[in-house]
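Open the model in your viewer and keep the sequence panel beside it. Each stop below says what to select and what is there.

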Amino acid sequence: MGQCVDKDVTIEEHDEKTNSIVKNKDTIGISSSNNKSNEITSKKSTNNNHVISILKSERVSVLKPDDHLDDFFADTRKNLINESTVQLNTDDLNHIAENTVRLQSQPTRVRPPRRQQQGNKNPLRQIQATIPTTDEYTEVHTNLSEQEVRRLKRAQIAENAGLAQEALAALAATENFAEINLRKIDRSALATFGFEPYKDLMLILIKGRRHCSLRLVSPSYESMNEGDCYLLITPSKVFAWLGRYANALEKAKTMDIIDFLKQHRDFGLRSEVKYFILDHANDDTENDIHAEFSDILRTHHSEFKTIDHSIDDDFYEANIMELNRVYRLDNDMLLPLDDFCFRSLSVKILDSNDVFVFDFGSELYVWNGKHADKNKRNMGLQLAQQIWNDSYDFSECLINPFDPLDEKNDVTTQKGAKRPAWCIFGKQNQNVETLLFKGKFYDWPGDLKELKPINDAANSVNRIPSARRPPSIVEMLKPADVNKMLIKQDIPVNMILEQASLGRGKHWYDPIELRGHDIQTISLNVWHVSENERYEVSKSSYGQFHSDDVYIIRWRYKLVASGFHSITTGKASVRKTDTGRDRVAYLIWQGVNASPNEKGISALMTVFLDEEKGPHIHVIQEREEATFIQLFDGTFTIHMGKRNQSKERKSHWRLYVFLGEIEVENHWWELPIDSTNLRSRTSFLFIDNVKNIMLLWHGCGTTDEQRFLANKSAMKLRERRPEEFHFNCEREDIEFCEIQEGDEIDLFWTAINERTQQRKYHSLLNARSNQKLTATMRIFHLSSLHGPFVAQELLYPLRSPDHIAAFPFTQADLYELHQPALCLIDTDKELYIWQGWNDLSDDELDIQLNNANLQAGCPRDMRFTAERRCAFRTAVEYCKAKPGSTTVDLTCSIVYAGLEPIDFINLFPKWTVNMKARQQNQLDGKNLNQKDSVSDILQHLCREQYTLEELRTRPLPEGVDPSKIEFYLSDDDFEKEFHMTKDEFYALPYWKQTNIKKPLGFF
């Protein structure tokens, strides 16, 4: 084929089909000639058929624009010579004029003279004058067409040969690879581009108890202690050093970093890097790996610090953030961000369009957003270089950034003219940050989070073949494990605010970390929310709340470190007491009868009050935690009604029940004046605010400690005289009287409005169980709501292993569960199964579906029936396994919601009848004060044989599994109906069993 090229051309072409490469090592020199052509033969490569070769080239002349133009247009003079001519005179012209018609004369029009225009030149000559044209070109002939024909033939052969195109091409190749020399690359040299955010030798401190931060420290033994974890990084090896007394979070964080480095090779590490784990608690420190680790860090200090010389993790976390300094590039200046300096860093401050500078003392980084332009990046780097070269001063920080574990906190090392040589100054580009930089942010997206594989649900499900009957809910549910239920959970009371454990509000000690802290209250403020306004309460009214109101409490406190013990000796450690920063928490107490409007306004008001940006905690009435109650030193009281309407009452007597087992956690709840609200296992306070009388009544089941605490709390109220009790101001003294159950005076019966002196409560005076409490009552919620049937224990908010609570739970703990609910209640003397009610919604669709289910002959709730059976079996097994049950005959009864007997009601400090639950259970055939034996009901539910008439009635008897009704027939009745034995029937496929049962009415 022909191609047109200029003079002195090197040919190099790529064909997409053949992958041929036009190669010509020498430049083709084309010499001019006067003949038509001059063949030029190039050097062809005989070793490669894919190389395009030049076969020949020839010169071709090109016509000029005016060539052969005269030949195209004929010469007129040649034609006139051959033709005859005619001679004309004046007479001939006159004769012609006589025979013609004269035309009418036309008026002449005056026209302005036209401007003479220059005539156009010959366009061909104009092109020739402006564009240089050549007289000839070189036409080159190659072997490309021949190679294309050969390729098509090879493709046709390959289709029938069964080999791939690559294999055929490799077989046809004739290159001599012996002549090729490969260059060896030095892999030890790393490609560097300047300002890398890492160094060849780095020692990283991993420390923290809630958030493990990563900090660069000096690579020496002086920077290490046995209470933390470290990461030593070299170009060829990485060591993870786990301290003997490092906490579990630090060790887990270190192992996660090692796994991350193995997969992603951060810090410029290569794939051939080796990783070593040095566990100081379990490993042999005399092996070669420890020796190599020691050689790298060997300085004038040959040993690391002990745990006694380390800084507390809480103190470290609270003060290490003071080293954080953040700048943002604005034009040609670095502006410090005051809102983010000296605080915990969040990724939310990073903007992909900006450039930031982060100064952490031992590390200084320039962070470049991916959309920041080049000028911005260069300017940010220059300004950061100035900060790096200038002198530094961190003397105001409690932690030395160059030696975080320095207890002396030497000021001379916290400021200087030049930072140590092991410090890092580098660039961090967005999306390729190092782990050392990411570790400074508490909410960085989890690069180190474990990626757990998602199990295929379809593969994990045990598929049931069609020949088998699928198991019913009755067969799937099994009783709960009573051995686990009998093990008492030792979960201490602990309130966590700002990631700090407060315990019960006075002191917290961690037995694992062997450290603790005291909680000191600095100040307390209380506001009452009413009618879109808030009113600050006087100090004498602190702790006085009303069930229809909402209150806002601002608690200012601080944590003081204390209770340190040496892990090696077990003795108390002599250390300085570190006082933490002031903290503020806002507690919003909401009464059970408070309006939604006041609840919402209180939350909004708290936002405006919160200048310190502290946490907001909602506290629900009768669900108060120990930390909240202890703020009021044993005088916390909940009054009925609203604060501004409490005076409007008919009776001048008030009744309060005493609760709490610890002095600072004692509190009072106001109850209606009625003898049914009395309990023999606690104390009650009667107050006459007209005559200023306080009458303290102790039940016969109270302990001496309870009586002492009740008396002390009542005396505090007497001394403070809160205005919420509305004592008569005209009487200065308040008369106080203390009486025991059974020795009441007439004033007591007058106060309780019982002239007949009848005890309407469950008194323990003459009861057989008139004994002191030996254990705190326990409640288990029995349910299969989340799959298997389990027993979940309800925890008492004020639980204490050293005290026995008389009333650890309230009625709301039972009635606020998902209904119908089942609860096992262990009073240590008797067991109860509390059964809830079928809480039908008011939706017409749900009612219609429930009625349709009943008309179809199905039980009301098959799952609940199966749960009842499991609950009763669990209760029976619990009685047998309970310690001491062999010597004491424990009774186990079933009580029903809304119909509870008085002895069950008196297990709770107050009780209100739920009419909805009572009506629903009465519709189900239950009676008031009904108590059924668990063993009797369980025997009825576990009945295995029914008559034919009983199984054909609808609804089915309680306890019958509707998926296998025929199973409850006797063997004779079964063979009479099905004409086969049970074994033969259940050997059939499930679909055949269904077809047989349908016409017989057992489906």
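Which residue just after helix 17 takes a positive phi? Select R721: its phi is about 45°. Helices here are DSSP runs of H or I with at least four residues, strands are runs of E with at least two, and both are numbered from the N terminus. This is a predicted model, in which local features need pLDDT of at least 70, side-chain atom pairs count only at pLDDT 80 or more, and totals for chains, interfaces and linings use all residues. Residues are numbered from 1 along each chain as its sequence is written, and side-chain values use heavy atoms, with hydrogens and water left out.

**The whole chain**

Colour by secondary structure: the chain has 28 helices and 36 strands. Of its 1003 residues, 43% are buried. Buried means under 20% relative accessible area, exposed means over 50%, and partly exposed is in between, with a 1.4 Å probe and protein chains only.

**Helix 17 and the residue after it**

Select residues 704-720, which form helix 17. At 1.5 Å a residue, its 17 residues should span 24 Å, and the end C-alpha atoms are 25 Å apart, which agrees. The expected span is 1.5 Å times one less than the number of residues.

Now show the side chains of Q706, L709, A710, S713, A714, K716 and L717, which are buried. Seen down the axis of helix 17, the buried residues fall within an arc of 150°, so they line one face. The arc is that of the directions from the helix axis to the C-beta atoms. An α-helix has 3.6 residues a turn, so residues three or four places apart point the same way. On the face turned away from the buried side, look for the exposed residues D704, F708 and E719.

Return to R721, in the loop between helix 17 and strand 30 (735-740). R721 is partly exposed, with a relative accessible area of 28%.

Most residues other than glycine have a negative phi, and most peptide bonds are trans. Select E531, which is not a glycine but has a positive phi of about 55°. E531 sits in the loop between strand 19 and strand 20 (533-536), and is exposed at 65% relative accessible area.

Then go to Q819 and P820, joined by a cis peptide bond with omega of about 0°. P820 is in the loop between helix 19 (812-815) and strand 33 (822-826).

**The largest pocket**

Select A318, M321, S344, E498 and R581: of the 46 residues that line the largest pocket, these lie nearest its centre. The volume of this pocket is about 1500 Å³. On a 1 Å grid over the protein atoms alone, a pocket is an open set of points with protein on both sides within 12 Å along at least five of seven lines, and lining residues have an atom within 4 Å of a point. Grid points are joined across faces, edges and corners, and a volume is the space filled by probe spheres set on the points. Which strand gives the largest share of the lining? Strand 23 does, with 6 residues.

**Last stop: D903**

Select D903, in helix 22 (residues 902-905). Is D903 buried or exposed? D903 is buried, with a relative accessible area of 18%. Leaving out residues up to four places away in sequence, D903 touches H762, Y832 and K931; a contact means heavy atoms within 4.5 Å.

How values were computed
1 Å grid on protein atoms, 1.4 Å probe; cavity = no way out; pocket = protein on both sides within 12 Å on 5 of 7 lines; lining within 4 Å.
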